Amino acid sequence: MTARRSLLLALLGGPAWAAAPVDWQGLTEAQWRARLTPAQFQILREQGTEYPFTSPLLGEHRQGVFGCAGCGLGLFSSATKYDSGTGWPSFYAPLPDAVATRPDDSLGMTRTEVHCRRCLGHLGHVFPDGPPPTGLRYCINGLALVFTPSK
Ligand SMILES: [Zn+2]
């Protein structure tokens with residue numbers, strides 16, 4: 001590639017510009033609506049909850065990573081997925097530095113809300129009735145997840 005072509009690409013916003021990180025926490029509601037389906041938006045951005053036993057991911061038993069449907073960050077390994085019987089995809093642990101939590105006192109209950117650390121998208125809740133080794137149950141909306149099987 002010639003120097004002139006490199007310069008042109010740089011000016012046009014070539015590879016360096018394309019690789020600029022998205023400001024996930026700075027996206028507007030309109031930008032999120034453009035990125036997500038209405039159902040995903042309702043879960044991720046409006047703290048919704050999908051109907052139980054509706055997620056195709058309940059039957060996903062391949063090895064791989066469950067990522068955030070909002071920003072793509074890897075959140076849960078298939079190695080920590082288990083059948084909780086609740087009707088929502090369940091995991092006993094997230095990947096390191098993937099999720100964050102905060103108290104949720106809505107619906108007259110005290111629960112712990114779980115969201116994506118990177119885009120703050122709502123994922124579900126975590127409860128202290130999970131299996132070993134953590135004893136935690138990450139009860140996650142399938143609509144908030146995108147599964148990528150291991151190669
Ligand atoms: Zn995210």
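Helices (H or I, at least four residues) and strands (E, at least two) are here DSSP runs, numbered from the N terminus. With that convention, the elements of the protein chain run α-α-α-α-β-β-β-β-β-β-β-β-β from the N terminus on, which gives 4 helices and 9 strands. The model is a predicted one, in which local features need pLDDT of at least 70 and side-chain atom pairs count only at pLDDT 80 or more, while totals for chains, interfaces and linings use all residues. Residues are numbered from 1 along each chain as its sequence is written.

A first view of the chain comes from burial and contacts. A residue is called buried if 20 or more other C-beta atoms, placed from the backbone, lie within 10 Å of its own, exposed if 12 or fewer do, and partly exposed in between; buried residues make up 27% of the 151 residues in the protein chain. Two residues are in contact if their C-beta atoms, again placed from the backbone, lie within 7 Å, and among the contacts between residues at least 6 apart in sequence, 54% join residues at least 24 apart.

The next topic is the nonpolar core, a set of buried Ala, Val, Leu, Ile, Met, Phe, Trp, Tyr and Cys residues joined through C-beta atoms within 7 Å. The largest such core has 24 residues, of which Leu75, Tyr138, Ile140 and Ala144 touch the most other members. Two or more residues are given to this core by each of helix H4 (38–44) and strands E1 (64–68), E2 (74–77), E6 (111–116), E7 (122–127) and E8 (137–140). Tyr138, leaving aside its neighbours within four places in sequence, is in contact with Phe76, Ser90, Phe91, Pro94, Val114, Gly124 and Val126.

Strands E1 and E2 also belong to an open sheet of 3 strands, with the order E2-E1-E9 and antiparallel pairing, where two strands pair if DSSP finds at least two bridges between them. Its edge strands, each pairing on one side only, are E2 and E9 (145–149). Neighbouring strands of this sheet are turned by 30° against each other on average, direction ignored, the axes being lines fitted to C-alpha atoms, for helices over the stretch in contact, with angles that run from 0 to 180 degrees between N-to-C directions.

E1 and E9 pair in the antiparallel sense over 5 bridges, with Gly64 opposite Pro149 of E9 and Phe66 opposite Phe147 of E9. E1 and E2 pair, also in the antiparallel sense, over 3 bridges, and Gly67 has Gly74 of E2 as its bridge partner. The hairpin of E1 and E2 has 5 residues between the strands, and in this hairpin Gly72 takes a positive phi near 90°.
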